[in-house]
Protein chains: 2
Amino acid sequence: MKAPSPALLQQFAVIVGPQNAVTGAAELEPYLVEPRGLYHGSTPVVLRPGNTAEVSAILKLAQANGIAVVPQGGNTGMVGGQIPDASGAEIIVNLGRMNRIRKLDAESNTVTVEAGVILQTLQEAADAADRLFPLSLSAEGSAQIGGNIATNAGGTAVLAYGNTRDLVLGLEVVLANGEVWDGLRTLRKDNTGYDLKHLFIGAEGTLGIITGAVLKLFPKPKGRSVAFAGLASPHQALRLFGIARSIGGPNVTACELMSATSVGFLYRNAPQFRDPLAGKHAWYLLLEISSSRSEEEARALIEEIFVKAFEDGVAEDAVLAESLQQSKDLWHIRHALSDIQKAEGGSIKHDISVPVASMPAFLEEATALVEKMVPGCRPAAFGHMGDGNIHFNISQPVGADKQAYLARWDEMNDAVHAIASRMGGSISAEHGIGALKRHALPHVKSGVEMGLMRSIKGAFDPAGILNPGKVL
Amino acid sequence: MKAPSPALLQQFAVIVGPQNAVTGAAELEPYLVEPRGLYHGSTPVVLRPGNTAEVSAILKLAQANGIAVVPQGGNTGMVGGQIPDASGAEIIVNLGRMNRIRKLDAESNTVTVEAGVILQTLQEAADAADRLFPLSLSAEGSAQIGGNIATNAGGTAVLAYGNTRDLVLGLEVVLANGEVWDGLRTLRKDNTGYDLKHLFIGAEGTLGIITGAVLKLFPKPKGRSVAFAGLASPHQALRLFGIARSIGGPNVTACELMSATSVGFLYRNAPQFRDPLAGKHAWYLLLEISSSRSEEEARALIEEIFVKAFEDGVAEDAVLAESLQQSKDLWHIRHALSDIQKAEGGSIKHDISVPVASMPAFLEEATALVEKMVPGCRPAAFGHMGDGNIHFNISQPVGADKQAYLARWDEMNDAVHAIASRMGGSISAEHGIGALKRHALPHVKSGVEMGLMRSIKGAFDPAGILNPGKVL
């Protein structure tokens, strides 16, 4: 794609107002690097529109002039999808100023938001209305809901409430040609033609720019109980999950697995965290039970689950949170595991899902493989046991050269992805494809599926201006 | 589209074997009329393929020769989507022979099925494995799962488990050109590109023919309790639903509203049914509570709900089922309401959804309107209160001419749909568009949305052979 001329840049700036057209190296920098530091892009301008009409005008102008546009939310994505390439030709449209909660309808359990609302702000607004917006993930303090939707974010509440996709009732999307699709429906049931909404969700801004959404709210649980257990193996974790589901049914709202290595990194590098259990265990499981009725019911259920777990020899030890603060502290451990891996040098990441029952076999096989490929490497896996989704991240051997280790990223990815694929798994359970996994996609998708995706892209964005080089 | 020549018909028959190529007026008849008798089509042949490869061969041949294909499951659809037009040119592909349950994985809570499996057979297979497949609707004894998926069927379990769309993990689809998309994934999380699955779900066979699916299973509730309440108004029903949700939370698994007229038709025309309540009420609500733990918990919850409902003056009377048989009998009343309307002469149907909180206002306004349009007509509404979905069906005035009454179908539909649209509602909550509502669609969708749908249709089925004249 060609770079916009100075005159065209001027026209773009007029649409949003000059104060909302960011230029200058220092000002641009925060928009050009992503959390993992794997991608560092270049752009002539970051446009910060204030409303849908401005987004529409930007895309109309971009398509007419063949200018590539990279949509960006809170810039917390894990696969480089929100970062322009190095050419300096692509412009960024950052949705951060469109941060109004348009309407919260507690009776109908819906909330209508603009794309730039911060996830945590949305959680808090729901809470203030005695409702729950369940999406929760480590980056929630800066992630924007538009980006969450565009990437179909996962997180820690998927087990009970589904992926972001499952929380969306309606969308407003600006198409490549600047037309606005108003699909801001609040209905639970609507069978009138093709479901366009689901096509934009998870498309990572390659089919349109999401500017607004109607989301589901839920009754706020009246009780929650959190346990942190030590276990011998993923197999025991799977058994504990089974016990929890058989006793707790839909009340099991989270089931998070952590390897000893992954929590060890935390205790070593962030001394404010301390191990809630006295002894050491090979694996840990955070289990959360919610009750629509009372704290007592949640507590009774989780106790019943652990009585059975100890009887069956599944758990080695466990602590039940005795207060809200203690629950938060236990969750804090889980949420801190991703960021802390930076402290241990280079980390090669995977975002794998497999059928839940195959999780132990996957972990065993993948661990053996990477330890053979890079002797001394440290698999520090953690993730969402209940969803079959594990972040199989491998830190470099102690003292190894970071760049030399990271140079083996693709090689290790390919090997691990092959195991997941053989088990019917996915190479990107919740982070998306972005730039990072674009080249891997044709290896795990059939030609038929790639062809269908390309035909959709061609129909929705014939000029190819929307987030080029991402996904496809 | 042109009609197939005798030689081409012979080629189609060879693909499935002559015994599975149905011809002859009497044999064809059951495939050509749908439950409401509104559509009576014509076809030279019904092909009954035995596997995916045969479906692929049929479509390859059809596309090469420009022959229109109408996919058909159990022929229980309510909008004529499964019936060919009157030209006699369109061939039917009936999936009924593809009725194998390929694999039921109780540990991973998934089941892989062929499209022709009868819904009730699937429910029973899940039950035998101590699991629940929650989709449930009046026609479940003959409806096929492929048709349920193609139409994104709703039914009585949507409140707790979602629409059919929400129960699908993966699909196998034969495309217009005969290519097979193998999307039979069993994963809970998979963010690898565009979600093609959701595009085929609810597309009513216009984008491809669904031949297989992976579906979610759920733990079977250990307890269920059903109540049948008499109330003064939809407003009180909404209040009762609110009480139920606030006490029962996710344990509220059904909330079905019935007008006095709709149940009155049943008691008058089907004497085997009897009113479970002693007195008469203007509206009735069937409420179901499930428990993952015990019968006792389900019973305790429903009792708590009705104690509160009587305290608040919301319910006039109620009966709680004392046995499994009594629960079934109460459900049987609800399930029989649709079919029995035939006994009262012509019935003009609507399948409306509105935001849940707008349901009382919709019913009031729509009732007043139709009674003004056709004095003496009898609105016999019933439906899924908890989903905001009502079957606002209006029976003819007693003694009126049936054909003259039905001639006002479009006029009455337009008027009622206008009310729903103004409230942000849908003109087809769960039945789809098919042939019946195809002409209404452009009136309730924007030009942008119609354009997007047409571009998808063009990309997936450029020759336009798949179920022409349906949806778009």
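Hi everyone, let me start with a sheet in chain A: an open one of 3 strands, in the order β16-β21-β18, with antiparallel pairing. The strands at the edges are β16 (347-348) and β18 (378-379) of chain A, and each has a single partner strand, so one side of each is left without a neighbour in the sheet. Please keep in mind that this is a predicted model.

Let's look at one of those pairings. How many bridges join β16(A) to β21 of chain A? There are 2, and the two strands, with β21 covering residues 394-395, run antiparallel.

Now to the two chains together. Chain B can be laid on chain A by a turn of 180° with a shift of 0.0 Å along the axis, and the RMSD is 0.0 Å. The two copies are thus related as by a two-fold rotation axis. And through which surface do the copies meet? Of the interface residues of chain B, 100% are also interface residues in chain A, so the copies meet through the same surface.

Last, the cysteines. Counting sulfur pairs within 2.5 Å, we get 0 disulfides over all chains. Are Cys255(B) and Cys377(B) buried or exposed? Cys255(B) is buried, at a relative accessible area of 2%. Cys377(B) counts as buried too, with 6% relative accessibility; the cut-off for that word is under 20%.

Technical notes
Residues are numbered from 1 along each chain as its sequence is written. Chains are lettered from A and ligands numbered from 1 in the order in which they are written. This is a predicted model: local features need pLDDT of at least 70, side-chain atom pairs count only at pLDDT 80 or more; totals for chains, interfaces and linings use all residues. Side-chain values use heavy atoms; hydrogens and water are left out. Copies are superposed by least squares on the C-alpha atoms of residues with pLDDT of at least 70 in both. Contact means heavy atoms within 4.5 Å. Two strands pair if DSSP finds at least two bridges between them. Helices (H or I, at least four residues) and strands (E, at least two) are DSSP runs, numbered from the N terminus. Buried means under 20% relative accessible area, exposed over 50%, partly exposed in between (1.4 Å probe, protein chains only).
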